[in-house]
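I opened a new page for this structure today. Here is what I looked up, entry by entry, for anyone meeting it for the first time.

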Amino acid sequence: MYTPISFTLLTLSLFSQLVTSQTHEPTKLRLMHRVVHPDLPVTPWAELGTVSIPSFTSISPTGSHASLSLAQSLRDDFAEFAEAVNPNMQRAMYHVAIERPESEGSVSSIKACLLPSSTSANIVIHFSATGEPFAIDYSVSPVPQDGICPVTSTGSYPAHNVTVVLKSPRMAPLPELRIPPPLTPEGEPVAPVPEKSFVQKYWIYMVVVLGALLISGPAEDSPSGNGKGGK
């Protein structure tokens with residue numbers, strides 16, 4: 001009699017554990033990259049690496065670090081990029097994008113001439129409220145303060161270390177709403193009570209002081225001399 005109930009509870013428990021393990025299992029997000037120049041043929045996208053995305057609830061709005069596994073063909077891809085587009089060419093751009101099956105996805109671009117002299121890179125991936133990645137920011141350092149491409153004879157793209165940061169949406173502060181003014185039965189705002197003047201507020205004290213002065217009367221004059229009659 002109790003066997004079907006026990007079997008049902010056991011099945012639900014195993015299913016719950018399976019769903020929980022799948023929910024907390026990190027997902028993989030592929031990043032793509034390429035170099036482009038407006039006067040040269042468009043180079044195809046190549047895999048930059050794969051980011052391990054943890055559970056969305058563990059991603060902080062201020063940023064949570066994630067690991068990036070660089071593609072094994074990265075150095076070969078950079079060599080092909082250098083043959084197609086020299087990084088020191090004017091208007092050459094380096095693109096990094098989020099791979100999406102249905103579209104190209106979000107793309108971040110920087111000047112290709114900034115890569116040869118850089119030593120590190122930083123990637124920020126932004127997530128929507130539903131946990132979907134929708135934007136990516138790519139930057140390298142060091143970068144000249146004036147943003148002008150440094151003079152270098154290196155015509156290759158470096159494969160340096162990359163730091164990845166994940167950011168969940170930040171909630172905007174709620175507006176401070178003011179209390180609406182009271183309305184009359186006709187729907188019009190109630191006119192505020194006019195503020196009393198100084199005399200209207202303190203007239204009773206003025207009357208008391210004035211009455212005390214009238215009751216006390218004028219001050220008596222002190223007699224002159226020493227009180228002895230003269231000869």
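This is a predicted model: local features need pLDDT of at least 70, side-chain atom pairs count only at pLDDT 80 or more; totals for chains, interfaces and linings use all residues.

**Entry 1**

What do Asp39 and Arg91 form? I see a salt bridge, with the closest N and O atoms 2.6 Å apart (the term asks for a side-chain nitrogen of Lys or Arg within 4 Å of a carboxyl oxygen of Asp or Glu). Asp39 sits in the loop between β1 and β2 (46–53), and Arg91 in the loop between α2 (74–84) and β5, so this pair ties together parts that are 52 residues apart in sequence.

**Entry 2: the other salt bridges**

How many salt bridges does the structure hold? I have four on my page. Another one joins the side chains of Arg30 and Glu99, at 3.1 Å from N to O. Arg30 belongs to strand β1 (residues 27–36) and Glu99 to the loop between β5 (93–98) and β6 (107–111), so the two tie together parts 69 residues apart in sequence. Arg30 is partly exposed at 32% relative accessible area, and Glu99 is partly exposed at 31%.

I then looked at Glu195, which forms a salt bridge with Lys201, their closest N and O atoms being 3.7 Å apart. Glu195 is exposed, with 69% relative accessible area, whereas Lys201 is partly exposed at 40%. Through shared partners, salt bridges also join Arg30, Glu47 and Glu99 into one network.

**Entry 3: the chain as a whole**

I counted three helices and nine strands in the protein chain (both are DSSP runs numbered from the N terminus, helices being H or I with at least four residues and strands E with at least two). Along the sequence, I read the pattern α-β-β-β-β-α-β-β-β-β-β-α. Of the 231 residues in the chain, 26% are buried.

**Entry 4: the partners of β9**

Which strands did I find beside β9? Strand β3 (residues 64–66) pairs with strand β9 (residues 162–167) in the antiparallel sense over three bridges (pairing needs at least two DSSP bridges between the strands). Here Ala66 stands opposite Val164. Strand β7 (residues 120–127) also pairs with β9, this time in the parallel sense over six bridges. In that pairing, I find Asn122 opposite Thr163.

**Entry 5: helix α3**

My last stop was α3, where Phe198 has its place (residues 198–216). This helix has 19 residues and reaches 26 Å from its first C-alpha to its last, close to the 27 Å expected at 1.5 Å a residue (the expected span is 1.5 Å times one less than the number of residues). I also noted a bend of about 50 degrees at Ile204, taken as the angle between axes fitted to the seven residues ending there and the seven starting there.

Is Phe198 buried or exposed? I have it as exposed, with a relative accessible area of 57%.

Methods. Residues are numbered from 1 along each chain as its sequence is written. Side-chain values use heavy atoms; hydrogens and water are left out. Buried means under 20% relative accessible area, exposed over 50%, partly exposed in between (1.4 Å probe, protein chains only).
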